[in-house]
Amino acid sequence: MDATIGATADHQDERDAALRRYRVTRARTEALAAPLSAEDQTIQSMPDVSPTKWHRAHTSWFFENFLLTPFAPTYRVLDPLYGYLFNSYYEGAGARHPRPERGLLSRPGIAEIARYRAHIDRAMEDLIATANAATWRAIAPLLELGINHEEQHQELILMDIKHVLALNPLGTGYAPAKTAASDRAPELAFVPIEGGLHEIGYGGNGFAFDNEMPRHKVWLEPFRLGSRLVTCGEYLAFIADGGYRRPEWWLSEGWTTVQREAWEAPLYWQSADGAWRLFTLSGWRVIDPDEPVCHVSYYEADAFARWSGKRLPTEAEWEVAALSADIAPSGNLMDRGVFHPEAAREGGAALQQMIGDVWEWTASPYVAYPGYRPPAGVIGEYNGKFMANQMVLRGGAAVTPGGHVRVSYRNFFSPGSRWAFGGIRLAEDVQ
Ligand SMILES: [Fe+2]
């Protein structure tokens, strides 16, 4: 049997499922961008932020560069310059437009980027349908990676547009508020977790990023993990106690950053007439003391923990606690449409808010697991080369696409970053 004729019969269920996932993911990106005007989609408010239209194009370039160009023999690039404009950080993929200058480009406009996305989609659908069996085996993991990559950029679209809109004196949000739960947060408790030899890291048969593997053993002393996230009310007590004026709770680099950046509160908080307001993706509103604190840096999370007489959990502690509590990968994620963390519930599970709401800063530096090797080739630049000077966050946030996050998932940001939806869960030693 000719390999090409046999192709479409091979792995047909797998191809159908992958095609559905591809379409859903691509459509979600467009749905997220839809409420944003061409002007909204063009702004870059700081070097870490990318314009929405850049995210839309870069996620398309990813499929072009890693799947279409190498594996689709008849594929023709739409514009050779797009490779220069929309390569993010892959040294092996050639020269790139400087990241801090992404917001200086009025062209290509959003109509041209929509055409680019459609061009990529046509070619990808064709590749998924017609690749022979050997090619399908080669592209299937890259397709899954490209889909997960686009999901990461969907969260970035919301993080980044929040920063853009927060700087605008008009103060309008991205989307009307979907009613967040306004529960009174239950009293903070500490859940005991057994010490000893545990295993962490992804060990399943589905998709996981390379940095979640290999699965390996860790030794933990017994500890206790906070039953819920730290609330804005608790964080306000830290501020009122001179949290941002007293160096004794801060790491040296954290204190230097507080001084240099003149931090007095989390990002997106504003004090007016003694009352604190915060900017959400639905605009400005009064702070709810029961909602989880969000948009703090690692330095702030660490200082708050020290002020509390507690500490941050390590990533291994976080994962072992999640595994022992059998935490499902669901919660207040992007699909809920709230786009903001919600208060914990009275009478909820022993460990609440582990998945969704806010990414939880851990005390662990982002380094390779024992035995980790980056994948060969340019794709190896995806995660491995960032394993220095960043801290791990766990659990996903209210802007993370549903189905994207797992208990083994490792997010990472530099310790001074605040524009991610980063929050705090405390831990304590067993005396
Ligand atoms: Fe990317």
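**View 1. An open sheet of 4 strands, with mixed pairing, has the order S10-S9-S8-S11.** Its edge strands, each pairing on one side only, are S10 (411-413) and S11 (422-423). The model is predicted, so that local features need pLDDT of at least 70 and side-chain atom pairs count only at pLDDT 80 or more, while totals for chains, interfaces and linings use all residues. Residues are numbered from 1 along each chain as its sequence is written, and side-chain values use heavy atoms, with hydrogens and water left out. Strands (E, at least two residues) and helices (H or I, at least four) are DSSP runs numbered from the N terminus; two strands pair if DSSP finds at least two bridges between them.

**View 2. Strand S9 (residues 391-394) and S10 pair in the antiparallel sense.** The pairing extends over 3 bridges. Leu393 has Asn411 in S10 as its bridge partner.

**View 3. Helix H2 (residues 12-33) packs with helix H3 (residues 52-71).** The angle is about 165 degrees and the axes lie 10 Å apart; axes are lines fitted to C-alpha atoms, for helices over the stretch in contact, and angles run from 0 to 180 degrees between N-to-C directions. H2 and H3 are therefore roughly antiparallel to each other, a term for angles over 145 degrees. From H2, Tyr22, Arg26, Thr29, Glu30 and Ala33 meet Thr52, Arg56, Thr59, Ser60 and Phe63 of H3, where contact means heavy atoms within 4.5 Å. The residues of this contact comprise 3 nonpolar, 4 polar and 3 charged. In this classification Ala, Val, Leu, Ile, Met, Phe, Trp, Tyr, Cys and Pro are nonpolar, Asp, Glu, Lys and Arg are charged, and the others, Gly among them, are polar.

**View 4. H2 also packs with helix H5 (residues 110-130).** The angle here is about 170 degrees, with the axes 10 Å apart; H2 and H5 are therefore roughly antiparallel to each other. H2 contributes Arg15, Leu19, Tyr22, Arg23, Arg26, Thr29 and Glu30, and H5 contributes Arg117, Ile120, Asp121, Met124, Glu125, Ile128, Ala129 and Thr130. By class, the contact has 6 nonpolar, 2 polar and 7 charged residues.

**View 5. Three histidines, His58, His149 and His153, coordinate the iron ion.** Each donates its NE2 atom, at 2.2 Å; donors are N, O and S atoms within 2.8 Å of the metal (3.2 Å for Na, K and Ca), and water is not among the atoms, so sites may look incomplete. The donor residues are spaced H-x90-H-x3-H in sequence. Because His149 and His153 are 4 residues apart in helix H6 (residues 133-166), about one helical turn separates them.

Definitions and conventions:
Angles under 35 degrees count as roughly parallel, over 145 as roughly antiparallel, 65 to 115 as roughly perpendicular and the rest as oblique.
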